[in-house]
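Biologist: I'd like a close look at one part of this model. Please take me through it step by step.

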Amino acid sequence: MLNTPPATTPPVPAPRAGHAEGVSNDEFRAAMSRLAAGVVLVTAQEPPLDPDDPMSPKVEDVGMTATAFMSVSLDPPLVLVSLRDGSRMDDLLAEQPLWAVSVLSESQRHIAGRFAMKGRISDRLLFEDIPYVRGEATSAPLVGGALATLECRTEQRVPAGDHTLVIGRVLTAAVPSADGGPLAYFRGRYRQLG
């Protein structure tokens with residue numbers, strides 16, 4: 001008879017502060033920063049902030065830079081954007097089902113930075129010197145010079161941790177500009193490919 005040592009179970013690492021699963025916010029952020037992502041501007045319109053003021057605009061344009069954006073399905077055409085819970089865009093898209101996406105080019109880094117700022121000025125001023133057209137299906141701003149534009153209607157909202165995954169049916173899709181490469185986000189910075 002052979003003597004075989006008893007089977008041992010590998011030790012389980014102790015959970016780290018913040019998450020029972022054993023990964024810290026910093027570790028997770030560092031790991032995910034190594035995944036390159038495209039950069040888009042998500043736009044929508046909200047009702048006037050002061051509907052009783054005859055001088056206020058009839059609608060307000062809202063924009064948000066996003067790197068968590070992807071295609072989901074070809075038939076039907078669906079896309080997904082991840083929005084931080086409680087953000088202005090998350091609150092707006094909970095009420096307003098129509099929104100648009102402009103896929104930013106490498107020359108539009110300033111637009112991405114402008115709409116990603118914390119404590120920023122009003123969106124009306126942010127859009128002031130950016131060329132755009134209004135989408136036919138959503139009336140949301142579509143940025144001039146974008147590599148591609150999509151107009152969407154929310155099909156589903158899925159709570160996911162501290163974010164909401166908004167799945168939208170694509171109503172229109174266009175490729176208005178073939179110039180330049182995509183704007184990418186990698187290791188916490190905007191980058192160009194190549």
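What is the relative accessible area of Tyr132, and how does that class it?

Modeller: Tyr132 has a relative accessible area of 30%, so it is partly exposed. The scale is this: buried means under 20% relative accessible area, exposed over 50%, partly exposed in between, with a 1.4 Å probe and protein chains only.

This is a predicted model: local features need pLDDT of at least 70, side-chain atom pairs count only at pLDDT 80 or more, and totals for chains, interfaces and linings use all residues. Residues are numbered from 1 along each chain as its sequence is written, and side-chain values use heavy atoms, leaving out hydrogens and water.

Now the rings. The structure has 2 aromatic pairs. Rings of Phe, Tyr and Trp (its six-membered ring) pair if their centres lie within 6.5 Å; planes under 30 degrees apart are stacked, over 60 edge-to-face, the rest tilted. Take Phe115 and Phe127: their ring centres are 4.9 Å apart and their planes meet at 55 degrees, so this pair is tilted. Phe115 sits in helix α3 (residues 109-116) and Phe127 in helix α4 (residues 123-127), so the pair ties together parts 12 residues apart in sequence. Helices (H or I, at least four residues) and strands (E, at least two) are DSSP runs, numbered from the N terminus. Phe115 counts as buried, at 2% relative accessibility. Phe127 counts as buried too, at 3%.

Phe127 also pairs with Tyr132. That pair is edge-to-face, with 5.7 Å centre to centre and 70 degrees between the planes.

Next, the cores. A nonpolar core is a set of buried Ala, Val, Leu, Ile, Met, Phe, Trp, Tyr and Cys residues joined through side-chain atoms within 4.5 Å. The largest has 18 residues; Val42, Val81, Leu83, Met89 and Trp99 touch the most other members. Phe127 belongs elsewhere: a second, separate core of 12 residues includes Phe127, Leu41, Leu183 and Tyr190.

Follow the strands from there. Strand β11 (residues 183-186) pairs with strand β1 (residues 37-38) in the antiparallel sense over 2 bridges. Two strands pair if DSSP finds at least two bridges between them. Gly38 stands opposite Ala184 in β11. On to strand β12 (residues 189-192): 4 bridges join it to β11, and the two run antiparallel. Phe186 stands opposite Arg189 in β12. β11 and β12 form a hairpin with 2 residues between them, and Arg187 in the turn has a positive phi of about 55 degrees.
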